[in-house]
Amino acid sequence: MKRWLAFLLAIGWLHASPLRAQTSLTDSLRALLRTHATPDTTRVQRLHALSNEFLATDLPQAIGLLRQELALSRHLHYARGEGRALISLGTAARLQANYPLARRYTAQARQLFTRERNRRGLAQTYLQLSLIESVPGNNMVAAMRAALQGISYAEQAGDRVTQVQLQATLGGIYVQLGNYTDAIPVLQAALKNGRAVGDDYVVASALNYLGNTYKLLKKWPRAITYFQRSARLNHQLGDLKSATTDEINLAELYAQQGDYAQALAHGRTARALVQANHDGYNLPGAELARARAYLFLAQTDSALPLAKHGFALSQSAHDNLNLYNASDILAQAYARLDSFKQAYHYQRLGIGYRDSLSGEETQRRTSALRYGYELDKKQTEIALLTKRRQLQRQQLLGLLAGLLGTVLVLGLLGRNMYLKQRANRELNAKNEHIAQQRDELNQALLALKATQGQLVQSEKMVALAALTAGVAHEIQNPLNFVNNFAEVSLELAAELEEEVQEPARDAALEASLLSDLKQNLRKIHQHGSRAGDIVKGMLEHARADAGQRQPVDLNAVVPDFLRLAYHGLQAKHRDLEVARTLDLDPHLGLLHVVPQELGRVLLNLFTNAFYAVQQQAAHLGPAYAPEVQVSTRRRGKLLELRVRDNGTGIPAAVIEKIYNPFFTTKPAGEGTGLGLWFSYDIITKGYGGTLSVNTREGEFTEFVVTLPAAPAAPAEEALQAPAAALGWAD
């Protein structure tokens with residue numbers, strides 16, 4: 001008999017104070033509510049405390065107080081009070097077996113506490129939900145899920161009391177599911193923890209759960225001990241309804257052990273408690289407990305009316321469990337009175353009720369009962385004996401089926417373990433293979449980086465050589481002038497010296513020689529200063545802080561780098577003349593860039609343009625007129641640079657690859673394919689600009705660079721970095 005679950009889970013939990021009959025406390029709370037009628041949170045708390053006092057004794061009055069508490073809490077926007085009122089209203093509905101209403105109140109409380117992020121409130125809400133769903137006939141899976149969620153919230157909130165209550169609830173769910181192995185340690189822990197936190201209701205419930213567990217395990221002495229301890233504690237708490245349930249369980253236990261006098265005594269005690277407390281819920285169980293005791297004592301006349309009364313009460317309450325017990329008692333009683341038709345009727349009803357509870361009834365049992373009814377009255381004992389043998393055979397078959405099922409489950413578990421181990425071995429092998437591939441890729445990456453470094457260094461050295469040639473050519477011009485004018489000046493000085501030594505000196509000639517000599521010296525000074533400026537710019541670059549952005553006038557630096565690139569071309573091809581056209585926007589503005597990086601980009605673009613026209617000249621011959629055009633424009637907040645040549649153009653098949661590192665169309669030894677890659681990286685990633693190309697193979701190539709203009713800074717002067725100041729180029 002499992003009525004203990006339906007009742008004990010409905011009593012004593014989710015209340016801030018014990019549900020004892022405390023008249024003085026009740027009167028005090030009533031007086032405070034009358035004298036202090038201010039609608040504030042204090043009144044909410046007093047309404048809640050008073051409603052707790054009536055939950056176990058006067059549900060209608062408790063519900064009225066709780067509705068007042070709920071209305072006032074909502075008026076005050078007092079979320080905590082509203083949540084507690086909703087949970088207590090759910091408890092009241094659950095005590096009245098109105099589970100849909102209980103679920104509705106609980107759902108409202110859960111929404112409120114979720115919105116308020118109140119973990120303690122959520123823990124109590126899930127406790128309530130677990131109690132609702134764990135009533136026999138409801139959803140045990142949902143009950144367990146709610147209990148586990150509630151324990152998690154209680155742990156997060158540090159709510160030890162609610163955590164212990166949920167622990168006891170979880171133990172009760174295990175018992176209902178027949179999982180006694182897990183139920184016993186959980187309930188023992190709940191018993192210990194309930195004593196630790198001082199929650200006697202949890203202790204009483206845990207004792208009752210353990211009693212029922214050992215009762216179902218048919219360990220009668222231990223079950224009796226736990227029920228006796230539970231009954232004593234419930235009497236001390238004033239929870240007489242739960243004490244009544246304990247007495248009914250004790251009556252059934254003693255009857256099963258054959259101690260019918262004790263069974264009858266506890267049944268009478270349960271009946272007296274029912275009458276004293278007007279306990280309609282436990283009344284059918286009390287009647288049936290006494291009826292079974294009278295039946296075992298062979299007092300059929302006394303057992304029959306009690307069983308009929310219990311049957312009628314259980315029908316009104318739709319309690320299939322009590323209906324099954326009542327049908328079983330009535331069937332045995334009528335059989336002893338030789339009223340086999342009535343015995344068969346109640347036996348058949350009992351089978352139906354039992355099937356609705358357990359779902360394990362078979363057609364063979366129904367056939368056996370029907371066969372027993374059709375036999376002659378004189379063959380009753382033979383029919384009953386046949387029935388017992390059939391039941392034993394079914395139990396044996398059920399045991400064998402259970403054993404076979406256990407073997408199958410163990411086999412499936414073993415197979416799953418084997419498959420899991422095999423999958424783990426395969427996974428480990430794959431992981432080792434992946435690790436080996438990763439190591440190989442790392443080694444390849446290191447080798448690639450080393451090769452890349454070597455190529456970059458090689459490219460820089462080649463570019464540096466080209467730049468050095470250009471710088472040398474630039475310095476060579478003033479040096480040639482200095483040398484030439486120095487030689488002429490020496491000749492003029494020698495001629496003047498001869499004239500001075502002549503007896504008849506020509507004053508006009510001397511003046512002319514001196515004039516020419518002064519003019520030559522001015523030319524020497526002019527070209528010497530030019531060479532000095534170049535050297536000075538190189539020294540200033542050597543002292544510059546590499547990587548620091550500065551305001552730069554693009555129009556000022558473009559001609560220098562164009563000239564540098566052109567000298568680099570003439571160092572290799574002295575006879576090639578290239579027309580250079582500059583179209584520079586006078587209102588261009590400044591760039592805020594690292595000068596060395598900008599020079600690197602410009603020199604690379606100009607060098608590529610001169611290379612393209614040199615290749616086209618070699619292909620077309622004297623009829624070809626090579627030309628490189630450079631223009632700048634202001635486009636709103638952007639500065640645009642265009643470099644156009646009428647050279648060989650870029651083939652359509654490789655246009656998408658020109659910005660890839662290490663890709664080049666130049667012959668082996670003339671380029672590494674890093675120049676455009678570096679330029680693209682500097683323009684796009686370094687400054688957020690763009691580098692695009694328009695080309696037609698055999699006709700022209702035009703590179704377009706756009707860069708953000710520098711913000712206005714009148715106090716700063718633009719850096720006009722001469723091309724010779726750069727120590728590298730691509």
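Over the ring of which residue does the charged end of R644 sit? I looked this up in the model, which is predicted. The ring is that of F700, and the charged end of R644 lies 4.1 Å from its centre.

I then looked for another such contact. The charged end of R580 sits over the ring of Y566, at 3.8 Å from the ring centre.

Next I turned to the aromatic pairs. I noted that a pair of aromatic rings is described by the distance of the centres and the angle of the planes. With ring centres required to lie within 6.5 Å, the count is nine aromatic pairs. One of them joins Y214 and Y226, with 5.7 Å from centre to centre and 5° between the planes. I recorded this pair as stacked, because planes under 30 degrees apart count as such. Y214 belongs to helix α11 (residues 200–216) and Y226 to helix α12 (residues 220–237), so the pair ties together parts 12 residues apart in sequence. I found both Y214 and Y226 to be buried.

I also examined F481 and F485, a stacked aromatic pair with 6.5 Å from centre to centre and 20° between the planes. Both residues lie in helix α20 (residues 380–501), where four residues, about one turn of the helix, separate F481 from F485.

Finally, I traced a cluster in which ring pairs link F311, Y334 and Y346.

Definitions and conventions
Residues are numbered from 1 along each chain as its sequence is written. This is a predicted model: local features need pLDDT of at least 70, side-chain atom pairs count only at pLDDT 80 or more; totals for chains, interfaces and linings use all residues. Side-chain values use heavy atoms; hydrogens and water are left out. Rings of Phe, Tyr and Trp (its six-membered ring) pair if their centres lie within 6.5 Å; planes under 30 degrees apart count as stacked, over 60 as edge-to-face and the rest as tilted. Helices (H or I, at least four residues) and strands (E, at least two) are DSSP runs, numbered from the N terminus. Buried means under 20% relative accessible area, exposed over 50%, partly exposed in between (1.4 Å probe, protein chains only). A charge sits over a ring if NZ of Lys or CZ of Arg is within 6 Å of the ring centre and within 35 degrees of the ring normal.
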